Amino acid sequence: MLMAILREYPAYGRLPVDVERTEGTELVLRDGRRVLDLYGGHCVSAMGGSDPELGLVLADQWSKASFLSNLFEHAPRAAFLEAFGALLPDGEWRVFLSNSGSEANENALKLALAATKRTKVLCFTGAFHGRTAGAAAISDMSFDAFPRTPFDVVRVPWGDLAAARAACDAEVGAIALEPIQSIAGMRVPTPGFLEGLRALADERGAALLFDEVQTASGRTGAPFAAQTYGVLPDLITTAKGAAAGLPVGITVARAGLVEGLPGHLLGSTFGGGPTILAMAAAVARRVGDEAFLANVRASGEALASEARRGPVREVRGAGLLLGLVLDDRISGKAARDALLARGVLVGTSDDPQVLRLFPALTLTPAEARRFGDAFATL
Ligand SMILES: Cc1ncc(COP(=O)(O)O)c(C=O)c1O
């Protein structure tokens, strides 16, 4: 008899822990052990695991209206526009809602190229923007997913303003970057780099796109990294923590940039549904609370200072988005495995000597100490 056999496509390896449940900043294992989670589900669990208040938001919205298509106005959309809008830098913005970071970038690139009527995107070595065709085209991936890019791409070294200036010709419609390159090894912008790109975009008539898929939602100690660094882009994308574990993609564009573009350029079946937006509104309200952001900054500093007790050469990043550059005594992967055995989960990066930390933004300075105690024994 024939029968179907289903296994997962082997996109990911698995960690050797059996998680029964998530509880705030901890993973509770089936054998009762508790792991301090400084990896936050790929930087998604901004409010920690199974937050009770968000659980109520979810259950409440589901019971009222689980899903409504984009053909309807609904209260969670209005609540989201108000709460998320309050986080944005001053100015008039337009937002489009989709389902992931890749999609948010895909839509931002489409808007930028349509608005400028150009065909090329300037991007950077080490970048990661996602796996859909446009997002992958501007990512620096050795595992190229598609045989061709959907638009022209020019890639220059991260941090090299002179190279960016030389490459930014009259066909470049967008300059796209992560304000902090996370996957590459938490590479922060050198002083003047973001400002220089802003000036370059203005000079050449290109749109400046900040991929804030990781850096938004209060992660760097301000709602967006644009505010942390004081540089205003024309487009901001985000996803990850924005609905604290439900899939969302958010593309924000300066109103003046997209004025006059046809609405039908963008679309999404799931994007903008009421359950997701009720969650995203609740997250945005929390991120808008100055005490919440102050905790991100304080816990980030505590974590950075605890990290200096271990085999570390440099700590970089902002807020609760940190990269630990390890000294030669231990590799990132060996450190990750040893920390997990000691009950602390951290992430690796494309740089074999860099560990990444992006815990729940509710992490306390006291919990940072628990990391330091484990890290100091490596
Ligand atoms: C900076 C950045 N942009 C885009 C993406 C893609 O997001 P998604 O996996 O939700 O499509 C990621 C994912 O890791 C990311 O880190």
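Which residues in α2 meet which residues in α10? In this predicted model, Glu-53, Leu-54, Val-57, Leu-58, Gln-61 and Trp-62 are the residues of α2 that take part, and their partners in α10 are Pro-274, Thr-275, Ala-278, Met-279, Ala-282 and Arg-286. Sorted by class, the residues of this contact of α2 with α10 comprise eight nonpolar, two polar and two charged. The axes of the two helices come within 9 Å and cross at roughly 150°; because angles over 145 degrees count as roughly antiparallel, α2 and α10 are therefore described as roughly antiparallel to each other. The crossing in which α2 passes α10 is right-handed.

Helix α2 itself covers residues 52–64, and its 13 residues reach 18 Å from the first C-alpha to the last, which is close to the 18 Å expected at 1.5 Å a residue.

On the α3 side the contact is made by Pro-76, Arg-77, Ala-79, Phe-80, Ala-83 and Phe-84, while α10 contributes Pro-274, Leu-277, Ala-278, Ala-280, Ala-281, Ala-284 and Arg-285. The residues of this contact of α3 with α10 divide by class into 11 nonpolar, no polar and two charged.

Another helix pair is formed by α11, residues 290–307, and α13, residues 365–375, whose axes come within 8 Å and cross at roughly 15°. With that angle, α11 is roughly parallel to α13, and the crossing of α11 and α13 is right-handed. The contact draws on Asn-295, Ala-298, Ser-299, Ala-302, Leu-303, Glu-306 and Ala-307 from α11, together with Pro-365, Ala-368, Arg-369, Phe-371, Gly-372, Asp-373 and Phe-375 from α13. By class, the contact of α11 with α13 holds eight nonpolar, three polar and three charged residues.

Notes:
Residues numbered from 1 in each chain as written. Predicted model: local features only at pLDDT ≥ 70, side-chain atom pairs only at ≥ 80, totals over all residues. Heavy atoms only, no water. Axes fitted to C-alpha atoms, helices over the stretch in contact; angles between N-to-C directions. Helix = DSSP H or I, 4+ residues; strand = E, 2+ residues; numbered from the N terminus. Parallel < 35°, antiparallel > 145°, perpendicular 65-115°, else oblique. Left-handed = near helix turned anticlockwise from the far one by under 90°. Contact = heavy atoms within 4.5 Å. Nonpolar A, V, L, I, M, F, W, Y, C, P; charged D, E, K, R; others polar. Expected span 1.5 Å × (residues − 1).
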